[in-house]
Amino acid sequence: MVKKIYRRVMTGVSGLPWDFLAFRTALVGVCLTVGVGISLYYSIWNENNQTMTLATNIARANFAKDLALNQWATSHDGVYVFVDARTQPNPGLANIPERDISTPSGKRLTFMNPAYMLRQVMDEYSAAYGIKGRIVSRKYMNPANAPDPWEEQSLQRFEQGTKEIMEVVGEGLDASLRLMRPLFTQAECLECHAFQGYKVGDVRGGVGVQMPLRSLLEKEAVALHNVEMAHGFFWVCGMVLIGFYHRLARMRLQEQRVARRVLQQSEAKWRAMVDNVGVGMIRVDLQGTILEANAAFAAMLGYAPQALVGVPTARISHPDDMPRNRALSQELLRGSIPSFQMERRYLTQDGLYLWGSLTVTLIPGNEGEPGFFMAAVENINQRKQVELALWQAKEQAEAATRAKGEFLATISHEIRTPMNVVLGMSEMLLETDLNPLQRRFAQTMHHSGKILLEVINDVLDFSRIEAGRITLVETPFSPRQVVRETTHMMQMAAEKKGLLMQVEVAPDIPETVLGDGGRLRQVLINLLGNAIKFTQQGRVEVGLTRSRPEPGTLLFRVVDTGIGIAQEQVEQIFERFTQVDPSVTRRYGGTGLGLAISRRLVTLMGGRIWVESQLGQGSVFLFTLPLHCIATPPAPVPVAHPPVTPTRGLRILLAEDVEENQVLFEAYLMQTPHQLVIANDGLEAIARIQIERFDVVVMDVQMPRMDGYTATRRIRQWEQERDLAPVPIIALSAHAMEGEIERSQEAGCDLYLSKPIKKQALLEVLHRLANQTTAPAQDGGVPS
C-alpha cells in the first residue's frame, strides 16, 4: 500500500484528487525551502567557521613570531642597541650596572631586555599591520605592560594551569580576535627579574595577540551575500519549476481523467461487445491459465464467467488435443507464426466434450515482450456432428458403391460366362454343315446373343459411370482417323438398310490431339447406331469441324433423316432408360442407355452434347470436345490379319472351373495343332505347373478354392525361387470392369482376354505366342 501511494506521489498517476495534487505540490515546495534553508545555514556556518579558522591561523602565526623573537632574545640575555629618541634606556633596568655602555668610538648603547625588545617590536608591527601584540605581567616594571581586565583574567587562568586563551571581543566590524599564552620564567630571565621573587617555571606574565577582524568580516560578508543570492536564486527557480510542474501535472491529470473516461467507455463497449458476441473469448497467460472469459465461452461450457478465472486450460481440454496446442503456442511465442487456428475439444461442466474452432493471437506487453494469449472459440459441435453424419453417410455410400461394384463384377461374371458359351457354341455351330433352316436358327441365336451382350455392356458401362469408376486415358490420337474408322465400321449396317453414309472432315482439323480416343469412338458408335436404327430411308452424315462459337474446341455432328424427336422430348432422351415413345423399344429395341452414357462420357471429357430435331424430319446430334493439339503423331493402329498356321503347336494349360467353357475351348482348338490340358481351379493349375512343362497358361480369374490372380502370384514366386523362365499367362475374365487389366498386370499376367471370347481372337493370340510375338491381339487380346 505504501509503495502504491509513493508511486502515485512520485509519478502523478491518474486518479489522484485535486487537493492531493495541491498538497503534493506544497509538500515539494516546503521540502525545497527547507533544503535551501539548510544549505544556506550550512554555507553561513561554513563561511563563519572558515573566517574564524583563518583569523585563528593568522593570530597563531603572529603569536609564534612574537614567541620566537622573545625566545631568541631570551636565549641571548637581551641585546644592546644604539640609544635614540625611540629607544631610550629602560628605567626598569636601572639596577643593572651595565645597562648603558659606550663603544670605543664613543657611541652610546643601552641594554634591551627580551620583554622590552618584544614590546617595541609589537608596537611597530601593530602600527604597520594592525595586529597588536601584547606582553603583560601582574608584576610589571613598565607601566605599559600593565594588563587590562581581559588580560588580568587570562593571567589568573594561566596561573591555574590554562595553556591558551582565545576569544573574540567587540561587536560587528570592530570585533577583534584576542589570543594569549602564558610566559614562563626561565633561568635567563632571573638576571633581570630575580628581585621580583620569580623562580624558574613561574608564570611571570603572558604574551598575546589582538587581531582586528574587520577585513576578514568584510570578505565574509561579501561571500555570504553571494551565497544568499545563489540560494535565493535556486529557491526561486525551484519554486517556479514546482509551479510549472504543478500546472503541467494538473493538465496531465485532466488529460488522464478524460482518457480514463474514454478508456472506461471503450472498455465498457468492448466488454459489452465481447460479452454479447456469439463467439467465446478468453484471455490466457503464457503459462496457460485463464485470466478472463466472456459470457459466451462460459455458457458454452456451462460455467459462470468468474468460475473460469484462474483455471488452467489443460483442465478443460481433451488430452489428445493438448500436444498440438502447446506446439503451436511455442511457435507463436517464437514469432514463427502470427496466429494459429485449430479444432479441439473442451470439457463441459457436465463432463461431456464439445468441439470448438480455436483462433489464438499473442498480445504483446508494455515493453514489447509477450503479454498474453487472446483466443476466440467458436462452437462447432453441431457442424462436427453433421460432418460425422456425412462421414458415416459417405462410408455407407462408399460401402454401397463397393457393394455395387462387387455386385456388378459378380453379375458381369455370372452373365458373361454363359454368354461366352452361347456365342462360342453358336459360332462353332455356324462353322458346321447345316441345312438352311438350321443355319437360320443358329444365326438368329448368335445374333440375339450379341444383342444381349450389347445390352449387358451398356448396363455395365452406365453403372461404372454412375459409380465414378470410369477413368479417361490421355493418349495421342487422330480425331480424323477415329471418325473415318468408326464410320467405316458402321458402314455395313447402314448399307443393309439402304442408307447413304457420308463423312465430312474440315481440312483445318489437327492430325494429332491428346485425349481418350476409345471413349470418343464409343460416343460416335452410340450416335451412329441410333441414327441408323431410327432412319428407314435417306442418309446418315458424320461431320467434324472446329467450333466457331467456342474457340479451342472440336465440334462433332451426326445427322440423320429418321423419325425425329418432338421438341418437348429433346432433353428427356439423354436420361437413363428413356426413349421417345414406349413403342420405340418394342419396335427398335435397345435399353435407352446409349445417349445417357454418351452425355456422361462427353461431360467427363470436358465437352457438352445436345440435339436439334423436328418430329418426322430427322435429327442432328452435336457435341464438343476441348482441343489439345500435340506434335507427336498417334500410334499406328495394328491391322487385323487372318491367322496363319503356327510354326509349332503349343501345350496349353487351361485353368477353368466351368465345364461348358472347358468344352468351348476344346472346340475352338479342335482343328489346331495345339494341345489343351485342363485344371479345374488355381490349386490344380499350380500343381500341374510344378510337375509339367507348358508353353502358355490360360487362367480364369474367378475360380473356387483359389482364384486365378492368387494362383498366378504363386506360380511367379515358384519360378523365381527356381530361377525358371516365366511361362506366358493369359488372364481370362468375365468381369469386364474398369481396372481389371491393371489388376492382371499386378498379379503377373502377360495378356488379358475378356469373356465372351471370340475364336478368332483366341487363335490370333496363340498364333503370336507360337511365333514368339508379343503384339496385342484384335477383338480382346490385350498385353498386360
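Just after helix H4, Gly 161 takes a positive phi of about 115°; helices (H or I, at least four residues) and strands (E, at least two) are DSSP runs here, numbered from the N terminus. The model is a predicted one, in which local features need pLDDT of at least 70 and side-chain atom pairs count only at pLDDT 80 or more, while totals for chains, interfaces and linings use all residues. Residues are numbered from 1 along each chain as its sequence is written, and side-chain values use heavy atoms, with hydrogens and water left out.

H4 itself spans residues 149–159, and its buried residues (buried being under 20% relative accessible area, exposed over 50% and partly exposed in between, with a 1.4 Å probe and protein chains only) are Trp 150, Glu 151, Ser 154, Leu 155 and Phe 158. They sit on the same side of H4 because they cover an arc of only 135° around the axis, the arc being that of the directions from the helix axis to the C-beta atoms. These buried residues pack against strands S4 (132–136), S5 (165–169), S6 (176–184) and S7 (203–212), where contact means heavy atoms within 4.5 Å.

Stepping back to the whole protein chain, there are 19 helices and 25 strands. Of its 784 residues, 40% are buried. Among contacts with a separation of 6 or more, 63% join residues 24 or more positions apart. The accessible surface comes to about 42900 Å², with 57% of it belonging to carbon and sulfur atoms; areas come from the Shrake-Rupley method with a 1.4 Å probe, and for residues only the protein chains shown count as cover.

Beyond its neighbours within four places in sequence, Leu 520 is in contact with Phe 477, Val 482, Phe 556, Met 605, Phe 623 and Leu 625.

H11 deserves a look of its own. Its 18 residues reach 27 Å from first C-alpha to last, close to the 26 Å expected at 1.5 Å a residue, a span calculated as 1.5 Å times one less than the number of residues. H11 bends by about 40° at Met 490, the bend being the angle between axes fitted to the seven residues ending there and the seven starting there. Met 490 is also one of the buried residues of H11, which include Val 482, Val 483 and Ala 494. Gly 498, with a positive phi near 75°, follows H11.

Thr 348 lies between strands S10 (339–347) and S11 (353–364) and counts as buried at 11% relative accessibility. Not counting residues up to four places away in sequence, Thr 348 touches Met 300, Leu 301, Tyr 303 and Leu 354. Val 83, in the loop between strands S1 (79–82) and S2 (100–102), is partly exposed, with a relative accessible area of 23%. The C-alpha atoms of Val 83 and Phe 111 are separated by 9.3 Å.
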